[in-house]
Amino acid sequence: MVVYLIVVVVPLSEYSESNFLLIKESEMELSTSKVAESVTNLYRRCVIVRFGISKWDGKKSCDEEKTKIADTRGLLMKVNLFQNDERFKAITRVDSDARSFVNKHTNVWSHGEKLLSMKRFDFFVSKMNQFEDLYTNAWSKFLEEDNYEKSVLSSIDYWRQHSRDDWKDTITQADYPHPDELSYRFDFRHDYLQVPDGDFKVQVANDVLVDIQAKQTKLLENQLFESMTKLCDDIKDGLVKASERLADLPVPKVTKTDTIYHQSFKDTIVTNITDLCSVAHDLNLTDDPRITDLINETQKAVSNCDAKQLRESDSVRHTVKRNIDDVLSKFNL
């Protein structure tokens, strides 16, 4: 399956402050005037990128056998034919990393489209070229005849060990296609196109043309407004999750060596926020000062701390949670 994302690049100019509109009840306001002005020269500031990755999923459907084959986690409806195979995992890892990179460095648009700030364009293209090379190398290495055969034998042996006694041969050599049949299943594309400039190359009455252009402008405004809304929502989601996880436990947890007053949380409780803030100014495609303030205040709230400090010091954790809650309150998030 091929999934396409369209990426559009939009640097911005100066805009007047006025005409604020609530995104949703109880959420922060965005400037609709900045959105309206920012689309007028969209074609001058953007490129469209079509990004798609296709790959063979390496799985066998076991719908009919789902009560006959199991691992320690329970019954399986689909079996990974290359369980624990590092070469196959490398393909999936590049796929996942490339998609995460695109999502991090772009804004949402619509119908699979994404927006990319021109400030990040050179970096974006360079990085995507690297991902393409990594992806090609990963699947090529996996499909090398000797490597592929070793992976097949190892995987068949794995499922014989983990299948119930009566179904040792549910996964067999016949379930594995020849590598020559699989190379066409892997593809990595990132094509760059010009954004339409709004000039309709058709002969129509002037009033019809004006109406078409007005509708297109309104559509672009709505899309850009939703894009900025999504950026604010992503920041909000990170802050809300951090606030919840950094709260004190209702009842402290007593261990053999210590008393723990906080909930468990991963290192990403902080890094998810800082990573987003590191690119968020470029994702502020309307240069809305309200979004700029939100990004700056969010960065300050979690600056100079990491998850290790938050786990080791209740005072640090309380301070960071208070800072986060202040941001959520100040921006009505």
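Author: The model is a predicted one. Burial is judged by relative accessible area, and a residue counts as buried under 20%. Cys277 has a relative accessible area of 3%, so Cys277 is buried.

Reader: Is Cys305 buried or exposed?

Author: Cys305 has a relative accessibility of 13% and therefore counts as buried.

Reader: How many disulfides does the whole structure hold?

Author: A disulfide calls for two cysteine sulfur atoms within 2.5 Å. A search of the whole structure finds 0 disulfides.

Reader: Cys277 also takes part in a helix contact. How is the packing of two helices described?

Author: One gives the angle between the two axes and the distance between them. Here, helix α7 (residues 268-283) and helix α8 (residues 289-301) have axes that come within 10 Å and cross at roughly 145°. The crossing is left-handed. From α7, the contact is made by Ile273, Cys277, Ala280 and His281; from α8, by Thr292, Ile295, Asn296, Thr298 and Gln299.

Reader: Which classes of residue make up the contact of α7 with α8?

Author: The contact has 4 nonpolar and 5 polar residues, and no charged ones.

Reader: Where is Asn84, and what is its phi?

Author: Asn84 is placed in the loop between β8 (78-80) and α3 (86-105). Phi of Asn84 is near 65°, again a positive value in a residue other than glycine. Its relative accessible area is 45%, so Asn84 is partly exposed.

Reader: How does one compare the length of helix α4 with expectation?

Author: The expected span is 1.5 Å times one less than the number of residues. Helix α4 (residues 121-143) has 23 residues and should therefore span 33 Å. The C-alpha atoms at its ends are 33 Å apart, which agrees.

Reader: Which residues of α4 are buried?

Author: They are Phe121, Phe124, Val125, Met128, Phe131, Tyr135, Ala138, Trp139, Phe142 and Leu143.

Reader: Where does Trp109 lie, and what is in contact with it?

Author: Trp109 is found in the loop between β9 (107-108) and β10 (113-115). Its relative accessibility is 11%, so Trp109 counts as buried. Leaving aside neighbours within four places in sequence, Trp109 is in contact with Leu42, Lys114, Leu115, Leu220, Gln223 and Leu224. Trp109 and Gln223 are 114 residues apart in sequence, and 6.0 Å apart from C-alpha to C-alpha.

Reader: What do the totals for the protein chain show?

Author: The chain has 10 helices and 13 strands. Of its 333 residues, 40% count as buried. Among contacts with a separation of 6 or more, 74% are between residues 24 or more positions apart.

Key:
Residues are numbered from 1 along each chain as its sequence is written. This is a predicted model: local features need pLDDT of at least 70, side-chain atom pairs count only at pLDDT 80 or more; totals for chains, interfaces and linings use all residues. Side-chain values use heavy atoms; hydrogens and water are left out. Axes are lines fitted to C-alpha atoms, for helices over the stretch in contact, and angles run from 0 to 180 degrees between N-to-C directions. Helices (H or I, at least four residues) and strands (E, at least two) are DSSP runs, numbered from the N terminus. A crossing is left-handed if the near helix is turned anticlockwise from the far one by less than a right angle, and right-handed if clockwise. Contact means heavy atoms within 4.5 Å. Ala, Val, Leu, Ile, Met, Phe, Trp, Tyr, Cys and Pro count as nonpolar, Asp, Glu, Lys and Arg as charged, and the others, Gly among them, as polar. Buried means under 20% relative accessible area, exposed over 50%, partly exposed in between (1.4 Å probe, protein chains only).
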